[in-house]
Amino acid sequence: MKRILFLAAGVAMVASSSAFAADAVETIPEAPVAVEMPAAFSWSGPYLGVHGGYGWGDGSIDGIPGDGSFDGGRFGAFAGYNWQMSNGFVAGIEGDLNYDWNDDDIGGGFEGETGFSGSVRGRVGYAMDRTLIYAAGGWTATNVEVTGPGFDESDTAHGWTLGAGIDHAFTDNMFGRLEYRYNDYSNADLGPGAEADFDQHVVQVGIGVKF
């Protein structure tokens, strides 16, 4: 009888151990599924775009009394390259070519105007994900033309430009821009005793494509 009881107890213990082991296997948690994180946005690389805006210019000519307000619309294109560092700072270089619609009477029957302009600027900024705040400055030039009684002269005035702006990326490749710029074109040589001085404030918006 005792042998039967011992045998039954042993069978019961083996059965319960097997059931416990089965339950333990069934309750092993599943490994977490890896979630792929999207790549961080970067401003590094080449880009190009178009912009338009409005300029407020002041000009005068030595020997001619008075000055003119050369205000008018602007349209142009730009291209550049950015390098973004791991700490969010961005450095770059950019060039642009523009056309300004502006002309005004200077005085004494003389009229002045500027048309094509361009610049090459260095840029530094700070990126907050898809928003880039930057400052830029460098070389700029524009053609200056003055006409009047027995006078028709033009020259290219070289100077400097300084400004700041905001670029914001709407997609991985397309961004918008809002920018202010001050242009000091120094003097244009229009002949003996006739140097033209011209400076300009510009506000413009643009849209670009990053590659």
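Tutor: Arg177 is buried, with a relative accessible area of 5%; buried means under 20% relative accessible area, exposed over 50%, and partly exposed in between, with a 1.4 Å probe and protein chains only. The model is predicted, so local features need pLDDT of at least 70 and side-chain atom pairs count only at pLDDT 80 or more, while totals for chains, interfaces and linings use all residues. Residues are numbered from 1 along each chain as its sequence is written, and side-chain values use heavy atoms, with hydrogens and water left out.

Student: How many helices and strands does the chain have?

Tutor: The chain has 1 helix and 8 strands. Both are DSSP runs numbered from the N terminus: helices are H or I with at least four residues, strands E with at least two. The order from the N terminus is α-β-β-β-β-β-β-β-β. Of the 211 residues, 36% are buried.

Student: How do I read a salt bridge, and which residue meets Arg177 in one?

Tutor: Side chains of opposite charge can pair when their charged atoms come close. The cut-off for a salt bridge is a side-chain nitrogen of Lys or Arg within 4 Å of a carboxyl oxygen of Asp or Glu. Arg177 meets Asp167 in a salt bridge, at 2.9 Å from N to O. This pair links distant parts of the chain, with Arg177 in strand S7 and Asp167 in strand S6, 10 residues apart. Shared partners join Glu94, Asp96, Arg121, Arg123, Asp167, Arg177, Glu179 and Arg181 into one network of salt bridges.

Student: Is Asp167 buried or exposed?

Tutor: Asp167 counts as buried, at 1% relative accessibility.

Student: How many salt bridges are there in the whole structure?

Tutor: There are 11 salt bridges. In one of them, the side chains of Arg123 and Glu94 meet at 3.9 Å, N to O. Here Arg123 belongs to strand S4 (residues 110–128) and Glu94 to strand S3 (residues 89–107), 29 residues apart. Both Arg123 and Glu94 are buried. Another salt bridge joins Glu179 and Arg121 at 3.0 Å, N to O. Glu179 is in strand S7 and Arg121 in strand S4, so this pair ties together parts 58 residues apart in sequence.

Student: How do I read a pair of aromatic rings?

Tutor: Such a pair is described by the distance of the centres and the angle of the planes. Rings of Phe, Tyr and Trp (its six-membered ring) pair if their centres lie within 6.5 Å; planes under 30 degrees apart count as stacked, over 60 as edge-to-face, and the rest as tilted. The structure holds 13 aromatic pairs. The ring centres of Phe70 and Phe198 are 5.8 Å apart and the planes stand at 85 degrees, so this pair is edge-to-face. Phe70 and Phe198 are both buried. Phe78 and Phe175 make a tilted pair, with 6.5 Å between centres and 50 degrees between planes. Phe78 lies in strand S2 and Phe175 in strand S7 (residues 174–189), so the pair ties together parts 97 residues apart in sequence. One aromatic cluster holds Phe41, Trp43, Tyr47, Phe78 and Phe175.

Student: Which ring does the charged end of Arg177 sit over?

Tutor: The charged end of Arg177 sits over the ring of Phe78, 4.3 Å from its centre. The test asks for NZ of Lys or CZ of Arg within 6 Å of the ring centre and within 35 degrees of the ring normal. Likewise, Arg123 lies over the face of Tyr134, at 4.3 Å from the ring centre.
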